[in-house]
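Here is a friendly walk through one protein model. Have a look at the sequence and the fold, then read on.

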Amino acid sequence: MSTDEDEIMKTKRILTMQDLSCAGQCSLTVALPILSRYGIETCVLPTAVLSNHTMFKGWSYLDLTPEIPAIFENWKNNDIKFDAFLLGYLGKAELMALAEMCFDGFAEGGAPVIIDPVFADNGKLYGGFDLQYVAEMRKLIKRADIILPNVTEACFLTETEYRENCDEAFALLLAQKLAALTDGTVIITGVEKDGIIGELILRGGKHELVLLEKLPAKRHGTGDIFASVFTANYLGGNSLAESCGAASQFVIDCLKATDPDHFYGVNFEKVLMK
Ligand code: PXL
């Protein structure tokens, strides 16, 4: 078989389930271009349509939960299946049960489930979320092969008091508590060591840190970019640490490419074109 045919055979199909924020450079508007750019056929399950993400001072919200059963019905009738799942911002606790139905009904083989819990940052829940949502997410991550919480989400999920500077020891404690909630690999993002930010990976009782350089700034949407680049690299056959490294480097490059006055996201488009 020729190389071209090999490539055609190997194309993976992912389903990413998260909101569609019409403006704001986050969730589906970053996941779709990034995953596609890495050669992955990207299908979407939009959980809601928002005018813009919730870091702006106001937003509209059209809940798409009622449409999802009809989407599933048609996927079933058309025998549509996925090689992997990437979950981001869901927005409503009711969506967790639908996510589980999706894993049960539409996985091709042992399709990995990657969950970025996306409900909090900087010690606080995002607007519109409550502890009931956190409790439901705590159950959903049981189904994950990989979870990608930031430090704040890890604290909420494990009912641990938030600390602003998360060093290796604190991150490991959080990861071990999370490992009691899921058999999946735990990757905590935003871990700090000697002024440098990176990820702590805990798998099968062993942990490692992936550290690159100090983040030049903090911006919205970078977690979603991290999750997409990580997923693309991981599905491409790279190790967890390599995938984290590539995703961190991508985020750093995006931050460097972004005008400081551009407050609501990062210029990931420029980095994607390199
Ligand atoms: O980037 C995470 C995210 C995704 N979707 C929506 C958000 C946020 C973060 O605030 O508001 C709607």
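Strands β5 (residues 113–115) and β8 (residues 146–147) run parallel and are joined by 2 bridges. Within that pairing, I115 has I147 of β8 as its bridge partner. Two strands count as paired if DSSP finds at least two bridges between them; strands (E, at least two residues) and helices (H or I, at least four) are DSSP runs, numbered from the N terminus.

A quick word on the ground rules. This is a predicted model, where local features need pLDDT of at least 70 and side-chain atom pairs count only at pLDDT 80 or more, while totals for chains, interfaces and linings use all residues. Residues are numbered from 1 along each chain as its sequence is written, and side-chain values use heavy atoms, with hydrogens and water left out.

Now zoom out to the sheet. It is open, has 9 strands with mixed pairing, and reads β3-β2-β1-β4-β5-β8-β9-β10-β11. Its edges are β3 (61–63) and β11 (206–211), each pairing on one side only. Towards the β11 end come two hairpins:

| Hairpin | Pairing | Opposite residues | Turn residue with positive phi |
|---|---|---|---|
| β9 and β10 | antiparallel, 7 bridges | T189 and E199 | D194, about 50° |
| β10 and β11 | antiparallel, 6 bridges | L202 and H207 | G204, about 55° |

In each hairpin, 2 residues sit between the strands.

What about the inside? The largest nonpolar core has 50 residues, and F85, L87, I115, M137, L140 and I188 have the most contacts inside it. Helix α4 (residues 94–106) gives the largest share, 7 residues. Apart from this core lies another one of 32 residues, among them A84, L148, A247 and L255. A nonpolar core here is a set of buried Ala, Val, Leu, Ile, Met, Phe, Trp, Tyr and Cys residues joined through side-chain atoms within 4.5 Å; buried means under 20% relative accessible area, with a 1.4 Å probe and protein chains only.

Leaving aside residues up to four places away in sequence, L140 touches L87, L90, M96, A99, E100, F103 and I115, where contact means heavy atoms within 4.5 Å. At the start of α5, a side-chain oxygen of D130 comes to within 3.2 Å of the backbone nitrogen of Q132.

Conventions:
Polar contact = N/O pair within 3.5 Å; in protein donor to acceptor, adjacent residues only side chain to side chain.
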